[in-house]
Amino acid sequence: MTPATASLHISRLAFAYPDGHQALFGVDLTVARGERVALLGPNGAGKTTLVLHLNGILGGGAGEVHIAGLPVGRPHLAEIRRRVGIVFQDPDDQLFMPTVRDDVAFGPAGAGLRGDALDARVTAALDRVGMAGYADRPPHHLSFGQRRRVALATVLVMEPEILVLDEPSSNLDPAARRELADILRSLPVTVLMVTHDLPYAMELCPRSVILSGGVIVADGPTRELLTDAELLHRHRLELPYGFDPAAAVRTVRPR
Ligand SMILES: Nc1ncnc2c1ncn2[C@@H]1O[C@H](COP(=O)(O)OP(=O)(O)OP(=O)(O)O)[C@@H](O)[C@H]1O
């Protein structure tokens, strides 16, 4: 896979914050089109710092990031931000309009879409997340799980190349968690999911990457990584009590 054919290609990415704190030390990561990859790691590992480099919110370090062949950098920022859809942990960071429809329409309308074409895109995005019947509702009248799905729709409506999810399962009850997993599994996009929820990584992502101390310390099949007790312990990752990743994989429903 080359930088041009990969969905995401990160090469020797290193970054220090203005106060001198070095958060990333030469990260290499390539993700193919349509792959779903979990980005795991303890608090302070550099996961958020890495994600903020994908759409150019952070920059100025060493190394390169390409999204579907396009280098992340000032000349291409508008296109990069369309290609990289980030769903933040708190849906209220992404919902600010009077209705669900307005929130989902905001991005494509800003990109110049109007009329029937805009309506069709909004309806399709809401359909994808099972929220088509909620278009006229104020987002703040929805449950947390519903707001997270609408936030996902505001990103999907831009038809991103890669979907970046920050702790997608946090604060969801078991049913909402399963429904979101079904939605995510049905999406024909590349997914990079940042999570501390190892069973959710197991359920959704065939591949995982562990970032620790600003470097990638493991990259491989999620089941292999999560059955390596010594690796998990070394990087402060813990499976929930009683969760057996070797057994869990057999219960994952086929796509
Ligand atoms: N604005 C900042 N200025 C200086 N240092 C920062 C800044 N933001 C983060 N850091 C530091 O960079 C390192 C990586 O932080 P980052 O938020 O990327 O970790 P993370 O893996 O996302 O952690 P968490 O799982 O807790 O969200 C940490 O040591 C953190 O203290």
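**Notebook: a look through the model**

I began with a hairpin: β9 and β10 form it with two residues between them, and Gly 213 in the turn has a positive phi of about 60°. Strands here are DSSP E runs of at least two residues and helices are H or I runs of at least four, numbered from the N terminus. Strand β9 covers residues 207-212 and strand β10 residues 215-221; six bridges join them, and they run antiparallel. I count two strands as paired if DSSP finds at least two bridges between them. Arg 207 has Pro 221 in β10 as its bridge partner.

Residues are numbered from 1 along each chain as its sequence is written. This is a predicted model, where local features need pLDDT of at least 70, side-chain atom pairs count only at pLDDT 80 or more, and totals for chains, interfaces and linings use all residues.

**The open sheet**

Next I looked up a sheet of four strands: it is open, antiparallel in its pairing, and ordered β2-β1-β4-β5. The edges are β2 (22-31) and β5 (70-71), each with a single partner strand, so one side of each has no neighbour in the sheet. I found two bridges between β4 (residues 62-67) and β5, running antiparallel. His 66 sits opposite Pro 71 in β5.

**Strand β6**

In a regular strand, side chains alternate between the two faces of the sheet. In β6, Val 84 and Ile 86 point one way, Gly 85 and Val 87 point the other way, and all are buried. My cut-offs: buried means 20 or more other C-beta atoms within 10 Å of the residue's own, exposed means 12 or fewer, and partly exposed is in between, with C-beta atoms placed from the backbone. β6 pairs with β7 in the parallel sense over four bridges, and Ile 86 stands opposite Val 164 in β7.

**Helix α5 and the core**

The largest nonpolar core has 66 residues, and Val 164 is among those that touch the most other members, as are Leu 39, Ala 153 and Leu 192. Such a core is a set of buried Ala, Val, Leu, Ile, Met, Phe, Trp, Tyr and Cys residues joined through C-beta atoms within 7 Å. Helix α5 (residues 144-156) gives the largest share of this core, six residues.

How far should the 13 residues of α5 span? At 1.5 Å a residue I expect 18 Å, and the end C-alpha atoms are 18 Å apart, which agrees. The expected span is 1.5 Å times one less than the number of residues. Since 10 of the 13 residues are buried, α5 is largely enclosed by the rest of the structure. Its cover includes β6 (84-87), α3 (100-110), α4 (115-128), β7 (162-166) and α6 (174-186).

Asp 127 lies in helix α4. I find Asp 127 exposed, with 12 other C-beta atoms within 10 Å. Asp 127 and Ala 153 are 26 residues apart in sequence and 8.7 Å apart in space, C-alpha to C-alpha.

**Leu 204**

Is Leu 204 buried or exposed? Leu 204 is buried, with 24 C-beta neighbours inside 10 Å. Leu 204 is in helix α7 (residues 198-204). Not counting residues up to four places away in sequence, Leu 204 touches Arg 36, Ala 181, Leu 184, Arg 185 and Met 193. Contact means C-beta atoms, placed from the backbone, within 7 Å.

Terms used
Two residues are in contact if their C-beta atoms, placed from the backbone, lie within 7 Å.
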